[in-house]
Amino acid sequence: MKRYLILAASLSVLGFASAQAQVFPSPTHDNSASITQTGNLNDARINQAVNNIYNGQGNAEIIQSNSRGIATITQTNATSAVAGGFDNTASIDQRRNRDTATIDQIHDYASTRDNRATILQVAANANATIQQRGDKNTAAIRQVAGSVTPTASIQQNGLSNTANVRQEGVNSLVTVRQGTYSDQVGLSQDTTGSRVDVLSQGLNADIFVSQVGFTHTADITEDGANGTITVSMDGARNDVLVTQNSTDGIIDIVSTGTSARNDVTVTQELTDAGSTARVTQSGTFGTAVITQLDNQAGGGGNLAEVTQTGVGVALADILSTITQNGGLNEAFVTQAGDYAQSGILQTGVGHTATVSQ
Amino acid sequence: MKPRRFILSGAAFVAALMLAGPALAQGSSEDSLLGSLDLKPQLGETSLFSGADDEPEDHGPDDQGSFALIRQSGSGNLAALNQGGQGHGAYAVVAQYGEDNLVQLDQCACGNVAAVVQDGNANLSDITQSGAGNVFVHFQYGDALALSVTQYGGAQVVVTQTGP
């Protein structure tokens, strides 16, 4: 593997990239590649596993400072195991409009090793994609102030992975899928113990998270108006926490038929009005907690809807609580299993609470 | 599920609510009716269903029946409950504080228990219980109150209506 003797540029922007800073050339004689491009319409590609032949730890970095750049990093050893421990690190930094960044990392062979992928974009119409397979992987996408219509996509498969997205632009799109990424041939373990963290602070955000497997956590915070958050869970003992601090939000959380003991907490507050929260849980057990509050203007017109069709075998195995204030809120709860419990608390005028058990 | 169990637990529930009635009446402020926003402790509160019966397994939390609690503060609110989908005894507790509120409660199957507290004027309750061994306890405080109760089977009803 040819080594590039280009010193890494500082990645201290926002304090984010500093944690991912790399040293080129690698002092430990790993594969290392760094590309810095200025000017428009640049295309940079780093592939540290040509033909899937890998011979060491990989470090890769691409910095593009002008518009319409394309940056691609591939670090994969799907069919070529390497003795001893190693991990891969990839980072892409783009600062102008219409940039596209893609990182693919596959490392199946030991849970003690990990891949780390980071994309930082301060650009309008930015697109970022990270795909990882293996264990203890970390994927981070930052599309920060100045971003307009940013798109972030993360797919992960394996154990104890982490996906972290932070967006500050408007009309943003986030897609995170854990447990369904396969890509090339080779081992692909079931997903368990993974985590998704999303923070979106722009208007009209569209966030989708899918988790398949066990003991996952999805923590989503959205602070702009008109946000849409959709979470799909298929597995057991998964936790979802969704917070919207704005108005006119839509939250839809679904646990599919094979799910069990999944817990959902939805909080729409501060100035909540005109929002919708829907939780649908099937399978065994399930807890849904929805809070819709406007403590500043006394809004309302919110809808909370919980449908729980799972099986319960002990007290409060099926549990729903809804809290609303303001006016003209609606709460609907449908529980079809044994040991179902429902609690609705409404303060204000013209509310409707409907429970069917 | 044995109807007797529900009758026993229902009687205990009635007694508990009858004792609790004055306290609720005294505490007709929002705080007493609405309490904490955190409903979990209340939902898990077993004392609500406990009574004089010596068989703890005969009480609500150990049964398969469902439990619904609705608390509303303000005016023009509607609480609608339909229980009976599982064929087990269901428990329903509704507390409304304010005016022009409406409770519509429909319980099917045996051994249901419903408790409704309305504090304010012009409130309306429409309760239907079918099956054996059902219990309905109702407290209304205010003027221009309205109540409709329909029960089938060996039912028990306790209604208290007082002025504001």
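How many bridges join strand 25 of chain A to strand 1 of chain B, and do these strands run parallel or antiparallel? Seven bridges join them, and the two strands run parallel.

## Basis of the model

This is a predicted model, in which local features need pLDDT of at least 70 and side-chain atom pairs count only at pLDDT 80 or more, while totals for chains, interfaces and linings use all residues. Residues are numbered from 1 along each chain as its sequence is written, and chains are lettered from A and ligands numbered from 1 in the order in which they are written.

## The interface between chains A and B

In the interface, 27 residues of chain A are in contact with 31 residues of chain B; contact requires C-beta atoms, placed from the backbone, to lie within 7 Å. On the side of chain A that touches chain B, the elements giving two or more residues are strand 23 (318–327), strand 25 (340–349) and strand 26 (352–356). Strands (E, at least two residues) and helices (H or I, at least four) are DSSP runs, numbered from the N terminus. Strand 25 of chain A provides the largest share of that side, 10 residues.

By class, this side of chain A holds 11 nonpolar, 15 polar and one charged residues. Here Ala, Val, Leu, Ile, Met, Phe, Trp, Tyr, Cys and Pro count as nonpolar, Asp, Glu, Lys and Arg as charged, and the others, Gly among them, as polar.

Two strands pair if DSSP finds at least two bridges between them. Within this pairing, A:Q346 has B:Q72 as its bridge partner.

## Architecture of chain B

Chain B contains three helices and nine strands, arranged along the sequence as α-α-α-β-β-β-β-β-β-β-β-β. Of its 164 residues, 47% count as buried. A residue is buried if 20 or more other C-beta atoms, placed from the backbone, lie within 10 Å of its own, exposed if 12 or fewer do, and partly exposed in between. Among contacts in chain B with a separation of 6 or more, 42% link residues 24 or more positions apart.

## Nonpolar cores

In soluble globular proteins, nonpolar side chains tend to be buried together. A nonpolar core is a set of buried Ala, Val, Leu, Ile, Met, Phe, Trp, Tyr and Cys residues joined through C-beta atoms within 7 Å. The largest core has 86 residues, of which A:I290, B:A92 and B:V94 touch the most other members. Strand 3 of chain B (residues 91–97) contributes the largest share of this core, six residues.

Not counting residues up to four places away in sequence, B:V94 touches B:I70, B:A79, B:V103, B:L105 and B:V116. A second, separate core of five residues includes A:I318, A:L319, A:Y339 and A:A340.

## Selected residues of chain A

A:N171 lies in the loop between strand 11 (162–167) and strand 12 (173–178) of chain A, and A:N226 in the loop between strand 15 (217–222) and strand 16 (228–236) of chain A. A:N171 is partly exposed because 17 other C-beta atoms lie within 10 Å; A:N226 is partly exposed, with 18.

A:L303 belongs to strand 22 (residues 303–308) of chain A and is partly exposed, with 19 other C-beta atoms within 10 Å. Leaving aside residues up to four places away in sequence, A:L303 touches A:T276 and A:E330.

Technical notes
Contact = placed C-beta atoms within 7 Å.
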